[in-house]
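Good morning, and thank you for coming. Please look at the model as I go along.

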Amino acid sequence: MVGRNDPCPCGSGKKYKKCHGKNALGDITTLVSEEIDRIVEGFVKESFHSANYHELENRNHLWQDSLQHAFTDKLIDTIAMETFIYIDRPELWQNYINKQLTVQNRQQVKDILQSWLKPVYLLAKVDSQSPEVIALTDIVTNKSYVMNGTPAKTFSGSWLFGIFMPDARKGENGLTATSSVVFIPDEKENIVQALSLKLQNGYTDSLDLYKTFIQDASVDTTAPKEAKKEAENKVESEAAVTIEASTELAPFTVEVLELVTKYVNGFTLDASEFIETLTSFLESTSVKAKKAETVAAGAVLAGQANGNIPEGGVSKVKDVAAYFGVSASSISKYRDQISEFLAK
């Protein structure tokens, strides 16, 4: 037994009563989740070495060149990283988890870690969702799953694709989604069909799976390789025209616009005029911000306040901040600047 004034066994340096001891009356779930979070956070620090970083850096360059027409730079970095450690070089993750299993005494933590040894790709249909839980069905196996909901976001489409891990904390069919899981809008059903076909046929090339997102509906995934490659090249060259047309804008401006566009599209909001006005603001104003997400969050709040972005998304300051992954206090400056511009 650990005394109330003894050091907490978690290693935080705090007294037990001021750390995990406050959960001793029964909130074992919180204790287990905090331990799992600590283990996950320690993975990169303990498992990556210079050779891994060099290999990952080369991988990032390749994936950025291949997927720039489909995803933001930040998301490509995340996808490249997680496919590397979970799918293409799984021994890095598995060796780390096995090491953690040898030093763990809590059975609940062991059960979760054991199930995480084999992350898998999953293409799933969203059956229902709430801030607490999302119900999914694997399109390939037709098996049903549940995962935690996202209070600050609502998926307006029907599918999710990416790397998932079983999670006993949510029951026998519980799942945990990795950070690289992507949402597929309703109008991109052709992508779902192509991905489903690849997964059913046992595709193991991670980059090839994500290249599916740059395919046009005219690309026939069952066609011979030569014809398929020609069609993909045609789509890539057409997409390049769109990217090239936007290169006149500063990279920071493009990133802000991409973030806001992703937000309005995600909630199916008609805000094309606002995007044009926001472009004018960013081109004519010297915006000094470290993160594009901060400006994007301020832009969304300004657009909502002025009626340029219709209702239907998240509206509270804290929720918009959470959506973009920034602090609520950091976005007021840009909200006010953009509001003044809209009022002119």
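Predicted model: local features only at pLDDT ≥ 70, side-chain atom pairs only at ≥ 80, totals over all residues.

Asp88 and Arg59 join their side chains in a salt bridge, with 2.5 Å from N to O. By salt bridge I mean a side-chain nitrogen of Lys or Arg within 4 Å of a carboxyl oxygen of Asp or Glu. This pair links distant parts of the chain, 29 residues apart: Asp88 belongs to helix α3, and Arg59 to helix α2 (residues 50–67). Helices here are DSSP runs of H or I with at least four residues, numbered from the N terminus.

Residues are numbered from 1 along each chain as its sequence is written, and side-chain values use heavy atoms, leaving out hydrogens and water.

Are the two partners buried or exposed? Arg59 counts as buried because its relative accessibility is 14%, whereas Asp88, at 32%, counts as partly exposed. The cut-offs are under 20% relative accessible area for buried, over 50% for exposed, and partly exposed in between, with a 1.4 Å probe and protein chains only.

How many salt bridges does the structure hold? There are seven. One of them joins Glu293 and Lys74, whose closest N and O atoms are 2.2 Å apart. Glu293 lies in helix α11 (residues 292–305) and Lys74 in helix α3, so this pair ties together parts that are 219 residues apart in sequence. Glu293 is buried, with a relative accessible area of 7%, and Lys74 is partly exposed at 47%.

Which residues form a negative surface patch? They are Asp73, Asp77, Glu255 and Glu258. Such a patch is made of residues with over 30% relative accessible area and no salt bridge, with like charges joined within 9 Å. Helices α3 (73–88) and α9 (251–266) each supply at least two residues of the patch.

Let us take Glu255 of helix α9. Glu255 is partly exposed, because its relative accessible area is 33%. Leaving aside neighbours within four places in sequence, Glu255 is in contact (heavy atoms within 4.5 Å) with Ala292 and Glu293. Its C-alpha atom is separated by 8.0 Å from that of Thr72, 183 residues apart along the chain.

Key: Patch = residues over 30% accessible without salt bridge, like charges linked within 9 Å, V, L, I, M, F, W, Y side chains within 5 Å. Areas by Shrake-Rupley, 256 points an atom, 1.4 Å probe, with all protein chains shown as cover. Lys, Arg positive; Asp, Glu negative; His and termini not counted. Charge placed at Lys NZ, Arg CZ, Asp CG, Glu CD.
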